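Subject: Structure handover

Hello,

Here is the structure I promised to pass on.

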Amino acid sequence: MTPSGAAVENTVGKLTRRQLVHRVLRNSARISLALGMVAVTGGCYGFSGGGGLPRTLKTVAIQPFDNQTAAPELQRELFEQLRSIMRDRLNLREAPEARADLVVRGTIVNYDVDLPLGAAADGRNTASNRRRLQLTIDIEIVESATSRMLLNKKGLSREGQYAEGGEATGRKNAIESLMTDIVEGVQSQW
């Protein structure tokens, strides 16, 4: 045994059980306090970049899309979804175009509905038809201060599948897919 080890053993041997328990608890409290401080300061650490917009971009103006299709509901549904993702996923507030940091413009180019996807039959000789639709838009998102084009997509097209008679579900799926592409396209610029 080393001399320092013997000194520790002699010191511990002279402590009462109560003193030993007190030392262990005090040291445990110190360790807990240190770990708590690491956890608190670690919580202040964060990542920057990798998809977030610069802090200077706070507002957006979304212009209603020109609708070149025979489905008038598309313009409203697309506008509402754009408002939602700009607010919820990109953390932007709406503002008039003259005061907005970003301006979103676009055109609904094509909306093909009732495209056959397939049919399925079960043992009771009942058939269910699956359908699909295709939605195509042109979109541009411009930074107002610099006129920098953050996103410029022509012919951005997505499909939505639905059961026969459920066109609204297919349209919703296609719009949500378009929104994901738009967010990823804007975020990829930073």
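Start with Glu80, which forms a salt bridge with Arg83; their closest N and O atoms are 3.5 Å apart. By salt bridge I mean a side-chain nitrogen of Lys or Arg within 4 Å of a carboxyl oxygen of Asp or Glu. The two residues sit three apart in helix H3 (residues 73-88), so about one helical turn separates them. Glu80 is partly exposed at 38% relative accessibility. Arg83 is partly exposed too, at 27%. Partly exposed lies between buried (under 20% relative accessible area) and exposed (over 50%), using a 1.4 Å probe and protein chains only. Helices (H or I, at least four residues) and strands (E, at least two) are DSSP runs, numbered from the N terminus.

A word on the source. This is a predicted model, where local features need pLDDT of at least 70 and side-chain atom pairs count only at pLDDT 80 or more, while totals for chains, interfaces and linings use all residues. Residues are numbered from 1 along each chain as its sequence is written, and side-chain values use heavy atoms, with hydrogens and water left out.

Now the other charged pairs. The structure holds twelve salt bridges. In one of them, Glu140 pairs with Arg105, with the closest N and O atoms 3.6 Å apart. Glu140 lies in strand E5 (residues 127-143) and Arg105 in strand E4 (residues 102-121), so this pair ties together parts 35 residues apart in sequence. Glu140 is partly exposed at 23%, and Arg105 is partly exposed at 32%.

Glu159 and Arg132 also meet in a salt bridge, at 2.7 Å from N to O. Glu159 is in strand E6 (residues 148-163) and Arg132 in strand E5; the pair links distant parts of the chain, 27 residues apart. There is a network as well: salt bridges with shared partners join Glu73, Arg76, Glu77, Glu167 and Arg171.

Next, the core. A nonpolar core is a set of buried Ala, Val, Leu, Ile, Met, Phe, Trp, Tyr and Cys residues joined through side-chain atoms within 4.5 Å. The largest one has 33 residues; among those touching the most other members are Leu82, Met86, Val104 and Ile182. Strand E1 (59-62), H3, E4, E5, E6 and helix H4 (167-187) each supply at least two residues. H4 gives the largest share, seven residues.

Which residues does Ile182 contact, leaving aside neighbours within four places in sequence? They are Leu82, Ile85, Met86, Ile137, Ile139, Ile141, Leu151 and Leu156. Contact here means heavy atoms within 4.5 Å.

Best wishes
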